[in-house]
Amino acid sequence: MIKATGASVLRVGFNAGDAFFWRDPASYIGFSGDPAAWPDFLNKVLQIHDITDIVIYGDTRPVHAAAVQAAKKLGLTVHVFEEGYLRPFWVSYERGGSNGHSRLMDMTVAQMRQNLSRSSGEHPEAPDHWGDMREHIFYGALYHWFVLFRNSKYRNFRSHRSISVRQEFILYINRLAMMPGHWLRRVIATRNIKKGGFPYHLALLQLEHDASFQAHSTFGTMAEFLRLVVQGFHNGAAQHHHLVFKAHPLEDGRVPIRKEISRLAKEFKVENRVHFVRGGKLAGLLDGAKSVVAVNSTAAQQALWRGLPLKSFGDAVYSKPEFVSQQTLVDFFTSPQGPDSDAYRDYRQYLLETSQVAGGFYAARSRRQLLRKVVDMMLSQDDPYDALHSKTAAQTQQFRVVG
C-alpha cells in the first residue's frame with residue numbers, strides 16, 4: 001500500500017522465516033552476519049538507500065532497539081506497531097516507542113481530556129467473533145519451521161528468546177495438537193468457577209518471554225509474580241474468597257505455571273481456593289470477578305472498562321492514578337478500591353481517537369481493515385497524538401468568538 005503512493009520499501013530480514021514472508025526478492029535485504037555487526041550494517045543500509053522511515057513491530061528486541069537508536073541519531077521517523085492496547089480487534093500504531101516507551105506514559109488524563117474537547121466519538125466496535133488466534137498460532141509454527149529447516153543462509157541467527165528455535169517450533173506444534181484437550185479443560189474449569197457461587201479475584205498472566213513483561217516490569221520470572229499474588233491473597237482476602245489465575249491465550253507450556261501455582265497454593269494452605277484457567281476468552285471470567293491483579297497486561301483494560309478494581313505491578317500505558325489502585329496488595333485483596341470510571345472512558349476514547357486502529361495482523365479480513373486507515377496515518381506529518389492535538393487546536397481557533 002505504501003508502494004502505491006510512489007515510495008520505495010525495503011525489508012531487512014534475519015532468517016529464512018523473514019525471507020519467506022516477504023515475497024519481493026528485489027526489495028529484500030538479508031542480514032546473515034554476527035549480531036554484533038548489526039548496528040554498522042544497519043547504518044550502511046540507511047545511508048546507501050537514503051532511508052527516511054523505519055517500521056518495526058515492538059521496540060525492545062535487540063535488533064529493533066538498535067534501529068530506534070540509529071534512527072534517533074539520524075532524525076528518522078520510527079513507526080512502531082504492537083498488539084492493540086484495547087483488545088480485541090485493534091492494533092497499536094505509535095511513533096518512537098510503545099508500551100513503557102510510549103508517549104502515553106507521560107500524558108495525564110487531564111491533558112487527554114483537553115484534546116478530546118471536540119472529538120467525534122464515533123469508532124467501530126470489535127466484532128462478535130475475532131478470528132485471529134488460530135492464524136496467529138499457525139503462522140507462528142510456519143515461521144519457525146522455515147527458521148528450523150531452511151536457515152542455512154543465516155547460520156549466525158540468534159533468537160531473542162531464551163529457548164532455541166527448535167524448542168519454540170515444537171511448542172507451537174504441541175499447542176496446535178493440544179488445542180482440543182486444552183479447550184475441554186478450560187470449559188470445565190470455567191464452569192466450575194461460574195457455578196461455585198464464591199467471590200473471586202482474577203489474576204491475569206502474561207507470557208514470561210513477552211517484551212512487556214521482561215522490559216517493563218520488575219519481575220525476572222513469572223514465578224516471582226505468582227508468589228507475590230498467592231501470598232497477598234493468603235494475607236488479605238476473606239476466607240470465603242477464591243483466586244483465579246487466567247493464563248495468556250498463547251501460553252505454550254515453556255514455563256510450568258500450573259505446577260507452580262499448585263505448589264504455592266499448598267505452601268500457603270489455600271489449595272482449595274485457588275484455580276487455574278488456561279487460555280480462552282476473558283470476558284466471562286471478568287463479568288463475575290471482584291477485582292483484577294496484573295503485571296502490565298493490556299487485557300487489564302477490559303477490567304477497567306467494566307469498572308473493576310485493578311492492581312498492577314509494571315509500567316503500562318494505563319498506569320494512571322485514576323485507574324490503578326495505590327493500595328498495598330494485602331489491602332487490595334481485603335477491600336479493593338475501584339477506578340474512576342468516567343476518567344477511564346475519556347482515556348479509552350483518547351486511545352481510539354489516536355493510536356488504536358481497527359484491524360489485526362494475522363487474519364486476512366483484519367489486515368484489510370487495518371490497511372484502510374493506518375497507511376494514511378503513517379504518511380501523515382504528525383504522529384497520532386499530535387494529529388489529534390492539531391485537529392483540536394484548529395477547531396478551537398475556528399469556533400473562537402470575539403465580542
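1. Phe21, Phe138 and Tyr139 make up a nonpolar surface patch whose accessible area totals about 270 Å². Such patches join nonpolar side chains (Val, Leu, Ile, Met, Phe, Trp, Tyr) within 5 Å, from residues with over 30% relative accessible area and no salt bridge; a salt bridge is a side-chain nitrogen of Lys or Arg within 4 Å of a carboxyl oxygen of Asp or Glu. Areas follow the Shrake-Rupley method with a 1.4 Å probe.

2. The model is predicted: local features need pLDDT of at least 70, and side-chain atom pairs count only at pLDDT 80 or more, while totals for chains, interfaces and linings use all residues. Residues are numbered from 1 along each chain as its sequence is written, and side-chain values use heavy atoms, without hydrogens or water.

3. Strand β6 (residues 200-204) has five of its five residues buried, that is, under 20% relative accessible area. Tyr200, Leu202 and Leu204 point one way, and His201 and Ala203 the other. Helices (H or I, at least four residues) and strands (E, at least two) are DSSP runs numbered from the N terminus.

4. Leu204 has Lys246 of β7 as its bridge partner, and His201 stands opposite Ser291 in β9.

5. Asn296 lies in the loop between β9 (291-294) and α11 (300-305) and is buried, at 4% relative accessible area. The Asn296 side chain reaches the backbone oxygen of Ser212 at 3.0 Å, and one of its polar atoms lies 3.0 Å from the backbone oxygen of His216.

Terms used. Buried < 20%, exposed > 50% of the residue type's maximum accessible area, 1.4 Å probe, protein only. Polar contact = N/O pair within 3.5 Å; in protein donor to acceptor, adjacent residues only side chain to side chain. Patch = residues over 30% accessible without salt bridge, like charges linked within 9 Å, V, L, I, M, F, W, Y side chains within 5 Å. Pairing = 2+ DSSP bridges.
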